[in-house]
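Subject: The structure we talked about

Hi,

Here is the structure I promised to pass along.

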Amino acid sequence: MFQVIRRNISDLKMPLKFAANISMMFPEVSNLLDRYGAAKQAGFEAVEVAWPYDFPVDEVVAAKEKHQMHQVLLNTYGGNKPGDIGLAALPDRQDEFKESLERSIKYCKALKCPRLHIMTGRIPECSEQDRTALVAKMEKTFVENLKHAADRLKQENILGLIEPLNTKVSVPGYFLDNQYKAVEFIQRVGSDNIKLQMDLFHVQVMHGNISNIMKELWPYVGHIQFAQCPSRHEPSFEGELNFDYIFSYIESLGYDGWVGAEYKPSDSSKETFKWLQRYK
């Protein structure tokens with residue numbers, strides 16, 4: 001006989017470091033730059049921003065420095081055409097991607113941001129008979145652009161990340177929506193400067209089986225984000241995911257990076273931070 005010892009995970013103090021995604025959080029603060037202060041006041045020491053490119057870089061830096069925040073993640077420039085959400089897998093726009101990459105690097109360097117999420121874009125509308133050839137062409141383009149980005153970003157000590165987004169709910173038509181396919185691309189690029197950005201909300205929508213996928217793909221993970229599912233609200237909101245278990249599991253894997261809170265608050269932001277005090 002042996003005794004089963006049960007530990008109450010919710011009573012553990014977890015040393016995870018949480019970053020607020022201020023592009024999604026603090027919607028009651030209309031100006032993105034003012035959200036740096038809102039995140040600081042809420043108890044965060046670090047932020048993620050999707051697209052800061054509507055603001056001059058010196059203004060973004062001033063907002064970050066005023067509140068002494070760490071900038072831990074940016075996205076690449078999304079593009080300037082209707083429906084654009086990244087350029088990295090779009091054939092015939094590779095020059096545009098390279099130009100936009102330099103713009104993103106400029107912001108990363110100024111903000112001392114060590115990670116850049118390289119967004120693929122959507123699969124253009126086409127007939128079913130043309131889709132296979134188009135996707136193959138996009139895969140080739142994506143690998144070529146990632147190889148260029150891996151080398152260019154390594155020169156600046158910036159880690160490149162790719163993130164599968166869910167195409168069932170959030171971003172229909174997005175080129176990269178599968179965790180395993182993302183790892184295939186990382187392997188094809190063959191650089192240690194391209195890693196997987198694993199958003200657990202997207203993993204749950206597209207795959208489920210979160211803990212096993214994390215364990216299996218862990219050597220490729222370079223950044224983690226989270227939100228409750230299916231609501232995409234804060235982790236304390238009722239939903240499919242048990243964050244007592246998930247955060248403890250991430251800790252058990254030895255993760256020492258930032259964990260991005262990329263969620264839509266269910267109420268005013270200040271009413272949704274009980275989870276932060278619980279796990280901080």
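Helix α4 is followed by N157, whose phi is positive, near 60°. Helices here are DSSP runs of H or I with at least four residues, strands are runs of E with at least two, and both are numbered from the N terminus.

Before the rest, a word on the source. This is a predicted model, in which local features need pLDDT of at least 70, side-chain atom pairs count only at pLDDT 80 or more, and totals for chains, interfaces and linings use all residues. Residues are numbered from 1 along each chain as its sequence is written, and side-chain values use heavy atoms, with hydrogens and water left out.

Back to α4, which covers residues 128-155.

Salt bridges

I count a salt bridge when a side-chain nitrogen of Lys or Arg is within 4 Å of a carboxyl oxygen of Asp or Glu. The count comes to 15. One of them joins the side chains of E156 and K109, at 3.3 Å from N to O. E156 is in the loop between α4 and β5 (159-162) and K109 is in helix α3, so this pair ties together parts 47 residues apart in sequence.

Another salt bridge, at 3.6 Å, is between E139 and R188. It ties α4 to helix α5 (residues 179-189), across 49 residues of sequence. Is E139 buried or exposed? E139 is buried, at 17% relative accessible area, while R188 is partly exposed at 42%. (Buried means under 20%, exposed over 50%, partly exposed in between, with a 1.4 Å probe and protein chains only.)

R278 in helix α9 (residues 274-279) and D244 in helix α8 are 34 residues apart in sequence, and their side chains meet in a salt bridge of 2.9 Å.

Aromatic rings

Rings of Phe, Tyr and Trp (its six-membered ring) pair if their centres lie within 6.5 Å; planes under 30 degrees apart are stacked, over 60 edge-to-face, and the rest tilted. The whole structure has 19 such pairs. Y53 and Y77 make an edge-to-face pair, 5.9 Å centre to centre with 85° between the planes. This pair links distant parts of the chain, with Y53 in the loop between β2 and α2 and Y77 in the loop between β3 and α3. Y53 is buried at 5%, and Y77 is partly exposed at 21%.

Y245 and Y249 are stacked instead, with 15° between their planes. Both lie in helix α8 (residues 243-252), four residues apart, about one turn of the helix. Ring pairs also link a cluster whose members include F18, F26, F44 and W275.

Two lysines sit over rings (NZ of Lys or CZ of Arg within 6 Å of the ring centre and within 35 degrees of the ring normal): K17 over W258 at 4.7 Å, and K181 over F185 at 5.5 Å.

A buried histidine

H202 lies in helix α6 (residues 200-206) and is buried, with a relative accessible area of 3%. Its side chain makes a polar contact of 3.4 Å with that of R232. (A polar contact is a pair of N or O atoms within 3.5 Å; within protein, one must be able to donate a hydrogen and the other to accept it, and residues adjacent in sequence count only if both atoms are side-chain atoms.)

Best wishes

Notes
Expected span 1.5 Å × (residues − 1).
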